[in-house]
Amino acid sequence: MNLQHCHWLNEPACWQCQEHELHVTTDNKTDFWRDTWYGFQRHSGHVFGSYIDDFQFDDGFTFQFCIEGQFEKLYDQAGIMLLVDEQHWLKAGLEHSDGQAMIGSVLTNGGSDWAMGLFPGNPDKFWLRLTYGDGAIRLQYSTDGVTWPLLRLSPFTVSNQRIFVGAMCCSPEREGLQVKFSDFRLTPSLKKHLHDLS
């Protein structure tokens with residue numbers, strides 16, 4: 001992915017893009033969430049990305065990159081996002097919850113769900129990979145950039161609308177989460193077997 005062709009959804013006040021790296025400092029109380037349990041709607045988080053139809057991948061695509069950050073306050077989060085509109089999107093990544101780093105995802109189809117578990121590696125640096133095609137999303141994460149366990153598999157229908165994908169970060173309880181994104185790769189779908197972890 002050429003970062004020079006990317007743009008912001010909810011541009012933060014402080015960010016820098018240099019060569020193949022994106023550095024972001026989150027604004028105050030930013031988030032993505034819709035209704036479930038809390039009863040509120042938030043669409044203020046930061047996403048730096050591009051519309052996927054610009055790349056014309058007829059048979060799906062795979063998007064991955066590296067994330068580095070200091071996740072310290074409740075709900076501090078950074079990762080990947082796929083967006084159709086405010087009611088249909090997916091975000092995934094690392095989130096600080098209950099005093100520790102959790103790996104998880106939120107799929108929103110009208111209302112948001114939330115699934116997470118303990119992160120098994122160094123929370124200061126990790127990788128995410130999203131593969132989309134045939135009406136489904138395959139999410140993987142990596143602690144070393146080599147092995148990619150499955151994080152989530154779910155149906156997701158776009159219905160001929162454009163898909164916006166990018167690097168996402170939020171800090172619902174504060175401002176000032178600093179995140180570095182690097183090693184961006186956007187390719188045609190890898191189409192690997194579901195249990196191929198490479």
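A cavity is here a set of grid points where a 1.4 Å probe fits but cannot get out. In the predicted model examined here, a search of the whole structure finds 1 cavity of 30 Å³ or more, and the largest cavity has a volume of about 90 Å³. Its lining comprises 13 residues, of which Ala92, Gly93, Glu95, Gly104 and Ser105 are the closest to the centre. Two or more lining residues come from each of β8 (77-85), β9 and β10 (100-109), and β9 makes the greatest contribution, with 5 residues. By residue class, the lining of the largest cavity divides into 7 nonpolar, 4 polar and 2 charged residues.

Open space was also considered. The second largest pocket holds about 230 Å³ of space and is lined by 15 residues, among which Asp31, Trp33, Phe40, Tyr75 and Pro172 lie nearest its centre. Strands β4 (32-34) and β9 (88-97) each supply at least two residues of this lining, and β9 is also the element that gives the most to the lining of the largest cavity. The lining of the second largest pocket consists of 8 nonpolar, 1 polar and 6 charged residues.

With regard to the overall fold, the protein contains 17 strands and 0 helices. The C-alpha trace spans about 40 × 35 × 35 Å along its principal axes, and the radius of gyration is 15 Å, which agrees with the value near 16 Å that a compact globule of 198 residues would have. Of the 198 residues, 47% count as buried. Among contacts with a separation of 6 or more, 62% are accounted for by residues 24 or more positions apart.

In soluble globular proteins, nonpolar side chains tend to be buried together. In the present model, the largest nonpolar core has 42 residues, and those with the most contacts inside this core are Phe61, Phe63, Ile67, Leu82, Leu130, Tyr132 and Phe181. Apart from this core lies another, of 10 residues, which includes Phe32, Trp89, Phe164 and Cys170. The surroundings of leucine 130 illustrate the packing of the 42-residue core: when neighbours within four places in sequence are left aside, leucine 130 is in contact with Phe61, Thr62, Phe63, Ile80, Leu82, Leu90, Ile137, Arg138 and Leu139.

Methionine 1 is placed in the segment before β1 (7-9) and counts as buried, because its relative accessibility of 19% falls under the 20% cut-off. Although methionine 1 and phenylalanine 184 are 183 residues apart along the chain, their C-alpha atoms are separated by 5.9 Å. Phenylalanine 184 is also among the residues that methionine 1 touches, the others being Cys6, Ser50, Phe63, Val165, Arg185 and Leu186, when residues up to four places away in sequence are not counted. Of these contacts of methionine 1, Phe63 is one of the residues with the most contacts inside the largest nonpolar core.

Backbone geometry was considered for two further residues. Aspartate 183, which is found in strand β17 (residues 178-188), has a phi near 55 degrees, a positive value in a residue other than glycine. With a relative accessible area of 30%, aspartate 183 is partly exposed, because this value lies between the cut-offs of 20% and 50%. Lysine 191, in the segment after β17, likewise has a positive phi, of about 50 degrees, although this residue is not a glycine.

Terms used:
Residues numbered from 1 in each chain as written. Predicted model: local features only at pLDDT ≥ 70, side-chain atom pairs only at ≥ 80, totals over all residues. Heavy atoms only, no water. Helix = DSSP H or I, 4+ residues; strand = E, 2+ residues; numbered from the N terminus. Buried < 20%, exposed > 50% of the residue type's maximum accessible area, 1.4 Å probe, protein only. Core = buried A, V, L, I, M, F, W, Y, C linked by side-chain atoms within 4.5 Å. Contact = heavy atoms within 4.5 Å. 1 Å grid on protein atoms, 1.4 Å probe; cavity = no way out; pocket = protein on both sides within 12 Å on 5 of 7 lines; lining within 4 Å. Points joined across faces, edges and corners; volume = space filled by probe spheres on them. Nonpolar A, V, L, I, M, F, W, Y, C, P; charged D, E, K, R; others polar. Rg over C-alpha atoms; globule rule 2.2 N^0.38 Å.
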